[in-house]
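Please examine the sequence and the three-dimensional structure shown below.

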Amino acid sequence: MPEPKLWIDGKWVKSQSGKTFPTFNPTTGEVIAQIPLAGQKEIDMAVAAARKAYPAWSQMLARERSMYMMKVAASFRKNAAEISRLETLEHGSILSLAEHVPMVAAEQFEWAAGRAESLMGDLIPTLKDTLTYLKREPVGTCAIITPWNHAIIMMAVKLAQALATGNTCVLKPPSVNSLLGLKLAEVMEQAELPPGVLNVVTGPGSTVGNALAGHPGVDLVGFTGSSETGKEIMAAGAKTMKRMIMELGGKNPVIVLKDADIDAAVNHHAPRQCDNAGQHCSGAGRFYVHQKVYDEFLQKYIAASKKVIVGDPADKKTFMGPLANREHRDRVKAYIETGVEEGATLALGGKRSTISPMNKGFYIMPTVITGVKQHMKVAREEIFGPVSIIMEPFTGEEEVIALANDNSYGLCATVWTKDIAKAVQFTNRLHAGTVNVNTQVLTNDLPWGGFKESGIGKEGGEAGMLDYTQQKMVCIKIG
Ligand code: NAD
């Protein structure tokens, strides 16, 4: 593998300090590569390059920028095999997911290319003898800071929206997925994006990410990650009143009513809770199941969870690979132990495996914890792993709505019922940015974003594109 370098102003550059940090294979725990650690000098260079590129990029016709976006999409497709290989190597993604990722990234750019061209302004016929209109402009230079789950998709969705609408960007990928971040820079290089439009600097969030979030040359921070980090970034950006788009954590309630199709609910959630080792912001954070169907749900849910094949992500039979890094594996394990200490029951899993390769890598087996009470830490905090939290059964609908809303997060919620009127009542009363009934969907044209401490702004859909623009009112006296 060639020595990884930073991507600044259309050139591959070394970190002047010469310092590096390792990135690991989560399946084996082995070091894959040494990544350059960006210092303040490289961060300043990257921001300066993005600012220098901004006038030409922002004033380009939307149609011309869209053609670049289409070239980026084609470049993702051309690099699909290498991206998939890195997804499995550096993130532990199973093969089917790894193969899917570059296609999703390409689609993000194709969608943004089409949508950016149709972002129009409004003519306001409000004042006599004036021409008054509203137009959309890009915000400026964006710092894009992303998490390690679905790393390439997270980077691609933000960059597609930011770049297509005329902003220039400095990307800080998650440090544990730095190779994927630098691969994305290569994709952009091959698409011949003008120098400085995208820059990539690597390093830990606490230093490189924080320096970018507070950098006076950055106008907007597009962030996806935990709510705790989101708060730190908002504090760092407050000094220069930066625009913030925050896609944060969740503790998503899933409510199973007594008339629900239990098989459908189980067959959806049990595998999904182990998909990408449960590292989904939209994963089920806590299950509230009606007392009448509780035993049936639990018995079927545990049986379905036992069927999940855990193993080497490079093996076609594997459904669940490792967690993305050692620290996160230890964090998830600590949550399981806390749940038991607090009095909940470990009904399945909860352990690392003794079988190779799971004994060496960052694995946690599919885990089900039952008898969870509302005050317990495992009921309140995001775990972000293959762990299903089954709350004590409920009986009243008012009661379950109050329990579901009783949390600082508000990312998404899911309701299972055959009663359409009831479903609508629940969707009206649940405090979450997305509410699904008998399904869960997420596509490029749908806006995603949380209420409460789950975020500010939207990602995807027209709302997501608009968040990377600002509205200008123009009033011209003509009479
Ligand atoms: P994280 O908050 O630890 O890190 C996210 C990014 O922020 C990383 O690149 C990290 O290096 C950087 N960072 C860390 N500290 C920083 C600081 N002080 N200043 C600037 N940058 C900093 O999150 P994670 O563990 O990588 O990802 C998991 C979290 O992301 C979960 O909470 C999950 O719910 C959330 N997430 C949310 C969505 C969504 O759409 N709402 C999507 C995916 C993940």
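In this predicted model, the axes of helix H2 (residues 62-78) and helix H5 (residues 151-164) come within 10 Å and cross at roughly 165°. Angles over 145 degrees count as roughly antiparallel, and H2 and H5 are therefore roughly antiparallel to each other. The crossing in which H2 passes H5 is right-handed. On the side of H2, the contact is made by Arg-65, Met-69 and Phe-76, while H5 contributes Ile-152, Ala-156, Ala-160, Leu-163 and Ala-164. Seven residues of this contact are nonpolar, one is charged and none is polar.

The next topic is the interior. In soluble globular proteins, nonpolar side chains tend to be buried together. The largest nonpolar core of this model holds 55 residues, and Phe-76, Phe-109, Leu-159 and Leu-163 touch the most other members. H5 supplies the largest share of this core, namely ten residues. Apart from its neighbours within four places in sequence, Leu-159 is in contact with Phe-109, Ile-144, Ala-164, Cys-169, Leu-171, Leu-184, Met-188 and Leu-198. There is also a second, separate core of 34 residues, which includes Tyr-363, Ile-369, Val-378 and Met-391.

Finally, is the loop residue Asn-177 buried or exposed? Asn-177 lies between strand S8 (168-172) and helix H6 (178-190). Its relative accessibility is 1%, and residues under 20% count as buried, so Asn-177 is buried. Leaving aside neighbours within four places in sequence, Asn-177 is in contact with Glu-90, His-91, Trp-148, Ala-151 and Met-155.

Notes
Residues are numbered from 1 along each chain as its sequence is written. This is a predicted model: local features need pLDDT of at least 70, side-chain atom pairs count only at pLDDT 80 or more; totals for chains, interfaces and linings use all residues. Side-chain values use heavy atoms; hydrogens and water are left out. Axes are lines fitted to C-alpha atoms, for helices over the stretch in contact, and angles run from 0 to 180 degrees between N-to-C directions. Helices (H or I, at least four residues) and strands (E, at least two) are DSSP runs, numbered from the N terminus. Angles under 35 degrees count as roughly parallel, over 145 as roughly antiparallel, 65 to 115 as roughly perpendicular and the rest as oblique. A crossing is left-handed if the near helix is turned anticlockwise from the far one by less than a right angle, and right-handed if clockwise. Contact means heavy atoms within 4.5 Å. Ala, Val, Leu, Ile, Met, Phe, Trp, Tyr, Cys and Pro count as nonpolar, Asp, Glu, Lys and Arg as charged, and the others, Gly among them, as polar. A nonpolar core is a set of buried Ala, Val, Leu, Ile, Met, Phe, Trp, Tyr and Cys residues joined through side-chain atoms within 4.5 Å. Buried means under 20% relative accessible area, exposed over 50%, partly exposed in between (1.4 Å probe, protein chains only).
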